[in-house]
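Walk through this model with the viewer open. Turn to each part as it comes up.

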Amino acid sequence: MNFKKITYRFFSIFSIILMLWVVGTTIIIPKIGPIFGMFRAQHSPKIIIILNIGCLTLVCLLYFFLWRILKKRSSQMRLSDKNTLIILGVELLIYIISLLLFFRFIGFTNPVDDTSITLNYLDQLSANNHLGYDYMYSNPQNLFLMFIFEGIHTLFGREYSTIIVAFCLLHAITILFSFFAMRNIKICNLVSLIAIQFWIFAVQISLHVGVAYTDTLALFFVSMALFFFTKFIKENQSMNISKNLERKVNWIYLSLTLISLTLGYIGKGTVLIVILAFFVTFWISFSGRLKIISFLPIVFLILGIFGWKQIIINQNIFPDSNFGQPNTHYLMMGLSNAKKGESNPYSWAPGVYNSDDQAFTWKLFLEEKKPKTEITQTHFEIIKDRLNQLSLVEKINFVNHKVSVTWSSGDLKSTFEMILGANKEKNRMTLLYNKTSGLILYIVMMVVQYCIYVGVILSICQFFRKFDVFVLLGNIFISGYFCFLILWEASPRYAMLLFPFAIIMIAKYLQSYSLKSIVE
């Protein structure tokens, strides 16, 4: 076996193990608390475990049903391009209108968390043309989101409802990027429509669209990058480039892919793992002197970071150019609450946002204005101290529970965000967690989340012996992102970045069982 096959199978096996680990945490130690879903917060772990087992069983039956249908009857269910686009267009129109009406019906009218903070600082920037040593100075990654908000305000008005509408449209474009990415790699119309339903029925992501935070931006730019990448694959037929295909490397689509990823990183730092996944995928896939292409994602990233920083400096937004708290802060926070203090293991949430840790870093960075190197050293000392306090068994337990914090919630912190943004005078938020509609909503969320996890496993198994560059990219991303989130601050919403990769991987799996394997 050559290097390419060995690495391909290594990442395949590793990704399967990680996804099985994720599924296992949803059954064994599902986290209970508001940030893991308002429905979960109202019910006992026993009930949640029973529901999760039921949802997982339903997903297995669903995939079996799809397998039977596609294997036996796909040739009788052909869809023309025209009919497919009409169906998709009508569905997206209904989706956008329904989502907007839902936000209005339940009374979600106010910005929450970092979105609210960013909008407040946008007002301050508009009034004073500069910001001080404050939240934005410490967290300049939200400036990109702030400028988007400013653009929306300029074009459509300053009501928060205009931002919700804009982000709903943005997410609809995200879905279109995924659909046409599948078409680029010759996924048939029927399978493409089936796969798109995972976006449509992912209520947990749809609710986050109204929150209008950087997670939605990340989904948009990553989906855009995957669209251009699949165009790049289509032009080259295979990433196993031979010398006589060198002239066919499409630099336009490659550049658009990397620009999209760079913009994604500027909007959301976790997209860095996607960029690194592309780097490793290119390194494994290209041969000979074309391996130099693998360094392009890093080059584009460095140029993007430099250019963005120069834009910020030239705008004179901050008092100086030392903005941005050290990233070691998030590693330190990732070890917060590492020592189990909860008697109930289902309530223990290690690694989540910790206000004391944030206040400590702000004190050093914003008040005392210590050099970043000194702050970084202080963080590492705290990280070392926290690790030294844990025995080997406690470290393993900590990692296992932290995996559950990020991956076991189908809700992805969405209903909690809805509650925070509720209009107190017109509040129907109980619909999100009561015994009837709340139960239905929870089941839909968990079924979609299990569809993603199980679908990824099935796709990897299906292509285990056959090299596929997109499956390789997905496996490398899953492996890297999973390990990264063990170290980083934990949050259920981080799991949504898996969706753009998983949906296309699932489509490839379903396509392999379709009798019609070309675009009708």
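Asn 337 is found in the loop between α15 (328-333) and α16 (355-367); helices here are DSSP runs of H or I with at least four residues, strands are runs of E with at least two, and both are numbered from the N terminus. Asn 337 is not a glycine, yet its phi is positive, at about 55°. The residue is partly exposed, with a relative accessible area of 38%. Buried means under 20% relative accessible area, exposed means over 50%, and partly exposed lies in between, with a 1.4 Å probe and protein chains only.

This is a predicted model, in which local features need pLDDT of at least 70, side-chain atom pairs count only at pLDDT 80 or more, and totals for chains, interfaces and linings use all residues. Residues are numbered from 1 along each chain as its sequence is written, and side-chain values use heavy atoms, with hydrogens and water left out.

Now go to another loop, the one between α18 (392-407) and α19 (414-420), where Leu 412 has its place. Leu 412 also has a positive phi, about 60°, and is not a glycine. Is Leu 412 buried or exposed? Leu 412 is buried, with a relative accessible area of 0%.

Next, the interior. In soluble globular proteins, nonpolar side chains tend to be buried together. A nonpolar core is a set of buried Ala, Val, Leu, Ile, Met, Phe, Trp, Tyr and Cys residues joined through side-chain atoms within 4.5 Å. The largest one here has 166 residues. Phe 108, Phe 167, Trp 407 and Phe 477 have the most contacts inside it. A second, separate core of 7 residues includes Leu 335, Trp 348, Leu 390 and Phe 398.

Stay with Trp 407. What is Trp 407 in contact with, leaving aside its neighbours within four places in sequence? The partners are Val 22, Thr 26, Tyr 453, Tyr 481, Phe 482, Leu 485, Ala 495 and Leu 498. Contact means heavy atoms within 4.5 Å.

Aromatic rings come next. The structure holds 42 aromatic pairs. Rings of Phe, Tyr and Trp (its six-membered ring) pair if their centres lie within 6.5 Å; planes under 30 degrees apart count as stacked, over 60 as edge-to-face, and the rest as tilted. Take Trp 21 and Phe 482: their ring centres are 5.2 Å apart and their planes are at 50°, so this pair is tilted. Trp 21 lies in helix α1 and Phe 482 in helix α21 (residues 469-487), so the pair ties together parts that are 461 residues apart in sequence. Trp 21 is partly exposed, with a relative accessible area of 29%. Phe 482 counts as buried, at 2% relative accessibility.

Trp 407 and Tyr 453 form an edge-to-face pair, 6.4 Å centre to centre with 65° between the planes. This pair links distant parts of the chain, with Trp 407 in helix α18 and Tyr 453 in helix α20, 46 residues apart. Both Trp 407 and Tyr 453 are buried. One aromatic cluster includes Trp 21, Trp 407, Tyr 453 and Phe 482, with Tyr 330 and Trp 488 also among its members.

Follow helix α20 to Val 448. Val 448 is buried, with a relative accessible area of 5%. Its C-alpha atom is separated by 9.0 Å from that of Gln 204, 244 residues apart along the chain. Beyond neighbours within four places in sequence, Val 448 is in contact with Phe 198, Phe 201, Ala 202, Gln 204 and Phe 499.

Helix α3 (residues 45-73) has 29 residues. The expected span of a helix is 1.5 Å times one less than its number of residues. For α3 that should be 42 Å, and its end C-alpha atoms are 41 Å apart, which agrees. Its buried residues include Ile 48, Cys 55, Val 59, Tyr 63 and Leu 70. They pack against α1 (3-28), α2 (38-41), α9 (189-200), α20 (437-462) and α22 (499-512).

The charged end of Lys 369 sits over the ring of Tyr 133, 4.2 Å from its centre. That of Arg 428 sits over the ring of Phe 105, 4.4 Å from its centre. The rule asks for NZ of Lys or CZ of Arg within 6 Å of the ring centre and within 35 degrees of the ring normal.
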